[in-house]
Amino acid sequence: MKKLLFIPIFLISFALQAQVTFIIDSLPAYTPPEDLIYIAGNFNGWNPGDPAYAMSKNEQQVWTFISEIAPEGTQIEYKFTRGSWETVEKGPNGEEINNRLFTFGNGDTVHVIIFNWRQDGGGGGSTAAENVIVMDEDFEMPQLGRTRRIWLYLPLDYETSGLSYPVLYMHDGQNLFDAATSFAGEWEVDETLNELHGQGLKVPIVVGIDNGGGERINEYTPWAHPIYGGGDGELYIQFIVETLKPYIDLNYRTLPGREYTGIMGSSLGGLISHYGALKYQDVFSKAGIYSPSFWFSDSVWSFTGEEGHREAMRIYLMCGGAEGQGTINDMISMQDSLLYYGFSEDEISLTVVPGGQHNEQLWSSDFGNAYSWLFASFTNNIGENNKINLV
């Protein structure tokens, strides 16, 4: 099957073009004067310290940033940082705030008030449950020559049960368990699984792998993009398969077989989950693919055909109805491709959540459903095609 590359609208030249200047009118008084301020958004892979999106001070010593030209009607999501998600902006009371939105053509200047920064008095305390631990702050990634923080969710009865558990490997670990480390709210994976455990359902070990900040695009993309770069995704998946998984299986009570092993992520994390699950079907039997960035490379379509169906799989596809018709169409096309290349209808679940946006709130709200479907044979308490209604 042939699939045309979806090119984001802001990369195409139209007759009606627009530009915007961002001006910061107010900053927290405790903002370090030596720190730079950055804009991070869906236009730069949410890189919190991208030099190309660093603001500068004008003659009046006011922070400003002039955007690139884009077609009128293009909508962007963004936030301000001081170079990392540990210093992302917060609300007046230190609370998480939604992504800022702007549509080109709705004026040429945006005035901004930043109330607080995470970490410097505006971050709030940790929200991670007691059964979430940081396994290692600097776990070696020999395939990439880097280190990374690794989180673990251990089932509430892990210390007393003597049982072994399936394992779900998840990307963007900063955003899974703790609002204090997330950049746009957390998935509440720990709260959801603890609630399911309280309902008498079996839950897995979850391994959360932090993204690499500026390396996120590189690590979550198996192929390079002519504008955004990338292409280290195979090395990243090799790290999970060859280094991280063997370590987890050796040091924790896991069920190491493929039938008990899943991989899950959103956006580019959804793309790399799709890649990892199909490339390493001998390792993974389950893939949670949220709001996938299939547009990133046309190679995803030929890759899907080349890998085909070799093992029994469960693939959960989900996006929000407000993410754009391109995302929805790509996801439906991927379902069609998987069916064409040998996957059965029972192996694929596809959901479009009405009104859902491309954010952690959407992914968090559906995580219980995704887990219940992907690991239905393990939970034992639900039917193969049922979904759990959380209270």
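Which residues in α5 meet which residues in α6? The views below answer this and place the helices beside the nonpolar cores.

The model is predicted, with local features needing pLDDT of at least 70, side-chain atom pairs counting only at pLDDT 80 or more, and totals for chains, interfaces and linings using all residues. Residues are numbered from 1 along each chain as its sequence is written, and side-chain values use heavy atoms, leaving out hydrogens and water.

**View 1. Contact of α5 with α6.** Leu271, His274, Tyr275, Leu278 and Lys279 in α5 meet Val300, Phe303, Thr304 and Glu307 in α6 (contact: heavy atoms within 4.5 Å). These residues divide into 5 nonpolar, 2 polar and 2 charged. The axes of α5 (residues 268–279) and α6 (residues 299–307) come within 10 Å and cross at roughly 20°. That makes α5 roughly parallel to α6 (angles under 35 degrees).

**View 2. Contact of α6 with α7.** Val300, Trp301 and Thr304 in α6 meet Asp330, Ser333, Met334, Ser337 and Leu338 in α7. They divide into 4 nonpolar, 3 polar and 1 charged. Helix α7 spans residues 325–340, and its axis lies 10 Å from that of α6, at an angle of about 20°.

**View 3. The largest nonpolar core.** This core has 53 residues (buried, under 20% relative accessible area with a 1.4 Å probe, protein chains only; joined through side-chain atoms within 4.5 Å). Ile205, Val207, Tyr236, Ile237, Ile240 and Leu244 have the most contacts inside it. Helix α4 (residues 233–251) gives the largest share, 7 residues. A second, separate core of 28 residues includes Val132, Trp151, Leu196 and Leu201.

Methods:
Axes are lines fitted to C-alpha atoms, for helices over the stretch in contact, and angles run from 0 to 180 degrees between N-to-C directions. Helices (H or I, at least four residues) and strands (E, at least two) are DSSP runs, numbered from the N terminus. Angles under 35 degrees count as roughly parallel, over 145 as roughly antiparallel, 65 to 115 as roughly perpendicular and the rest as oblique. Ala, Val, Leu, Ile, Met, Phe, Trp, Tyr, Cys and Pro count as nonpolar, Asp, Glu, Lys and Arg as charged, and the others, Gly among them, as polar. Buried means under 20% relative accessible area, exposed over 50%, partly exposed in between (1.4 Å probe, protein chains only).
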